Amino acid sequence: MKKPVFTDFGDRFVLDFVNTVQYFRGKTTDMIDSPSAVIAWLSFMTENGKIASVQYQKLVADSSWDLPLLGEFRQRLRSFLEDRSLKKIKQFSPYLTDIMTGSPLTFTMRADPETMNLHLVPVPQRGSVSGLLALLSYDAMEMITTDALERVKKCENPTCLAYFINNSGKRKWCSMETCGNRRKSFRHYQRYRRSS
Ligand SMILES: [Zn+2]
């Protein structure tokens with residue numbers, strides 16, 4: 001991999017957001033460090049079905065991006081995921097509620113193109129960072145209040161920063177292409193060195 005790329009293996013929108021910080025060539029890299037990078041990431045999320053175009057349109061309609069607020073949300077969420085104690089939930093929950101108070105959501109119903117099952121799509125009332133944080137807070141609350149939270153797992157590659165939902169109970173790596181194969185070839189190399 002020549003440079004870090006956006007990923008969508010987080011299984012939820014909010015975890016894909018957590019994964020916008022990556023460890024690459026010895027450095028922690030923020031993938032959304034400019035307004036144009038945030039918009040490129042939102043567009044990537046839309047292409048991959050993580051957000052609906054109605055949500056994307058609303059978010060990009062406002063062009064003022066207060067990036068430190070996004071960084072703070074990501075940092076607080078990462079720190080919460082590291083220690084999911086009741087104490088941490090009690091600290092984190094009012095923060096999420098405050099965000100939603102500043103930018104309420106309305107809901108629309110959409111049919112899944114494959115199954116035709118209807119599902120709720122939250123649409124932020126405001127664009128830009130306020131709207132994005134409201135969507136992320138909603139998804140975080142949903143994740144925390146369901147059994148999804150106990151399946152949230154950090155990639156087993158010690159230098160990788162990625163989180164995902166371990167639905168099978170057996171998944172070790174964020175993705176086989178990046179971390180899985182790298183760890184496998186590393187162990188293979190160690191075995192080779194020990195035996196020679
Ligand atoms: Zn990984």
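Biologist: In this predicted model, in which strand does Val123 have its place, and is Val123 buried, exposed or partly exposed?

Modeller: Val123 lies in strand β4, which covers residues 118-124. To be called buried, a residue needs 20 or more other C-beta atoms within 10 Å of its own; Val123 has 18 such neighbours inside 10 Å, and therefore counts as partly exposed. Leaving aside neighbours within four places in sequence, its contacts are with Val54, Gln55, Lys58, Leu105, Thr106 and Thr108.

Biologist: How should I read the packing of helix α3 against helix α6?

Modeller: Two packed helices are described by the angle between their axes and the distance between those axes. Here the axes of α3 (residues 53-60) and α6 (residues 128-144) come within 7 Å and cross at roughly 145°. Gln55, Lys58 and Leu59 of α3 make the contact with Ser128, Gly131, Leu132 and Leu135 of α6, a set that divides into three nonpolar residues, three polar ones and one charged.

Biologist: Which residues touch the most other members of the largest nonpolar core, and which element gives the largest share of this core?

Modeller: In soluble globular proteins, nonpolar side chains tend to be buried together. In this case the largest nonpolar core has 34 residues, of which Val14, Leu132, Leu133, Leu136 and Tyr163 touch the most other members. At least two residues each are supplied by α1, α2, α4, α5, α6 and β6, and the largest share, eight residues, comes from α6. As for Tyr163, its contacts beyond four places in sequence include Gly10, Leu15, Val18, Leu81 and Val152.

Technical notes
Residues are numbered from 1 along each chain as its sequence is written. This is a predicted model: local features need pLDDT of at least 70, side-chain atom pairs count only at pLDDT 80 or more; totals for chains, interfaces and linings use all residues. Axes are lines fitted to C-alpha atoms, for helices over the stretch in contact, and angles run from 0 to 180 degrees between N-to-C directions. Helices (H or I, at least four residues) and strands (E, at least two) are DSSP runs, numbered from the N terminus. Two residues are in contact if their C-beta atoms, placed from the backbone, lie within 7 Å. Ala, Val, Leu, Ile, Met, Phe, Trp, Tyr, Cys and Pro count as nonpolar, Asp, Glu, Lys and Arg as charged, and the others, Gly among them, as polar. A residue is buried if 20 or more other C-beta atoms lie within 10 Å of its own, exposed if 12 or fewer, and partly exposed in between; C-beta atoms are placed from the backbone. A nonpolar core is a set of buried Ala, Val, Leu, Ile, Met, Phe, Trp, Tyr and Cys residues joined through C-beta atoms within 7 Å.
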